[in-house]
Amino acid sequence: MLALLAAGQSRRFGDRDKLSAMLGGKMLGLHAAQAAADLPFSQKLVIASPDPDCAAGWRDLGYRVVANPDAARGQATSVRLAAAHAIEAGASALCIMLADMPFVTSGHLARLIEAFEQAGETNSVASARSGQAMPPAIFPSGALDRLSELQGDAGARKLLADALLVEGDDQFLIDIDTPADLAEANRIFRPAT
C-alpha cells in the first residue's frame with residue numbers, strides 16, 4: 001500500500017495552500033502522486049487536510065483521498081492514519097511518500113520496491129541523501145503497529161534508524177517548504193521520469 005502524506009500545515013509557506021501552488025504548470029501536490037501512479041501498489045491513498053484543492057487530480061491518478069481531521073497536531077497523525085488503513089487492509093507493507101517532494105521519480109520508487117523485496121520484506125527501506133534516511137520509505141507489516149503509535153511532528157523518521165538505504169540524487173529528494181524553495185524548483189524544473 002502507498003500513502004502520500006499531504007496534510008501538513010505548510011506554516012513556512014505563508015497563507016496560500018502550498019500543494020496547489022504551481023510547479024512546471026501543474027499543482028505541486030500532483031507531482032509525487034504522478035511518480036507513483038503506475039507502480040504496483042495494492043492501494044494508493046492520499047492522507048490530506050479536509051477539502052484539498054488537489055483532490056480531483058489525485059482521484060484522477062487512482063488515489064483514494066482520506067481526510068485527516070487532526071492534521072494540525074503534527075505529521076504523526078497522518079502516519080498513524082495511513083498505518084491504520086494498511087492494517088485494516090492487511091497490507092504486507094506501507095510505502096510513505098511526502099506530497100511536497102515533487103522530484104521523486106518512479107525509477108527511484110521502483111528501486112525502493114526492489115530493495116524491499118530483495119531484503120525479504122522484513123526490513124524497512126528508506127531513501128537516503130548523503131547517508132541520511134528519509135522518505136519515501138517502505139515499512140514492513142511488522143512495523144505498522146509502531147507506526148500507528150507515533151506522536152508529534154517527526155513522522156516515522158525514528159523508525160528508520162536501521163532501515164536499508166537506497167541513495168537518491170540530492171536534487172530529486174528535496175522538499176518544498178517555502179516560496180523561495182518553490183521558486184528554485186520552478187527554475188530547475190524537469191518532469192519526473
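## A tour from loop to pocket

Start at D51, which is exposed, with a relative accessible area of 75%. Here buried means under 20% relative accessible area, exposed means over 50%, and partly exposed lies in between, using a 1.4 Å probe and protein chains only. Residues are numbered from 1 along each chain as its sequence is written, and side-chain values use heavy atoms, with hydrogens and water left out. This is a predicted model: local features need pLDDT of at least 70, side-chain atom pairs count only at pLDDT 80 or more, and totals for chains, interfaces and linings use all residues.

**Stop 1: two positive phi angles**

Stay on D51. Its phi is positive, about 55 degrees, although D51 is not a glycine. The residue sits in the loop between β4 (44-48) and α2. Element names follow DSSP runs numbered from the N terminus: helices are H or I with at least four residues, strands are E with at least two.

Now select S130. Phi of S130 is also positive, near 55 degrees, in a residue other than glycine. S130 belongs to the loop between β7 (125-129) and β8. It is exposed, at 63% relative accessible area.

**Stop 2: a cis peptide**

Move on to P135 and P136. A cis peptide bond joins them, with omega about -5 degrees. P136 is part of strand β8 (residues 132-140).

**Stop 3**

Select residues 28-36, helix α1. How many of its nine residues are buried? Eight are, leaving the helix mostly covered. The buried set is L28, G29, L30, H31, A32, A33, A35 and A36.

Next, pick G57 in helix α2 (residues 55-60). G57 is buried, with a relative accessible area of 17%.

**Stop 4: the cysteines**

Show C54 and C95. The cut-off for a disulfide is a pair of cysteine sulfur atoms within 2.5 Å. C95 is in no disulfide either, and a search of the whole structure finds zero disulfides. Both sites are covered: C54 is buried at 1% relative accessibility, and C95 is buried at 2%.

**Stop 5: a charge over a ring**

Select K44 and Y63. The charged end of K44 sits over the ring of Y63, 5.8 Å from its centre. The test is NZ of Lys or CZ of Arg within 6 Å of the ring centre and within 35 degrees of the ring normal.

**Stop 6: the second largest pocket**

Finish by selecting M1, P40, F41, S92 and A93. Of the 14 residues that line the second largest pocket, these lie nearest its centre. A pocket is an open set of points on a 1 Å grid over the protein atoms alone, where a 1.4 Å probe fits, with protein on both sides within 12 Å along at least five of seven lines; lining residues have an atom within 4 Å of a point. The elements giving two or more residues to this lining are β6 (93-98) and α4 (106-118).

The volume is about 230 Å³, taken as the space filled by probe spheres set on the points, which are joined across faces, edges and corners. Colour the lining by class: ten residues are nonpolar, two polar and two charged. Ala, Val, Leu, Ile, Met, Phe, Trp, Tyr, Cys and Pro count as nonpolar, Asp, Glu, Lys and Arg as charged, and the others, Gly among them, as polar.
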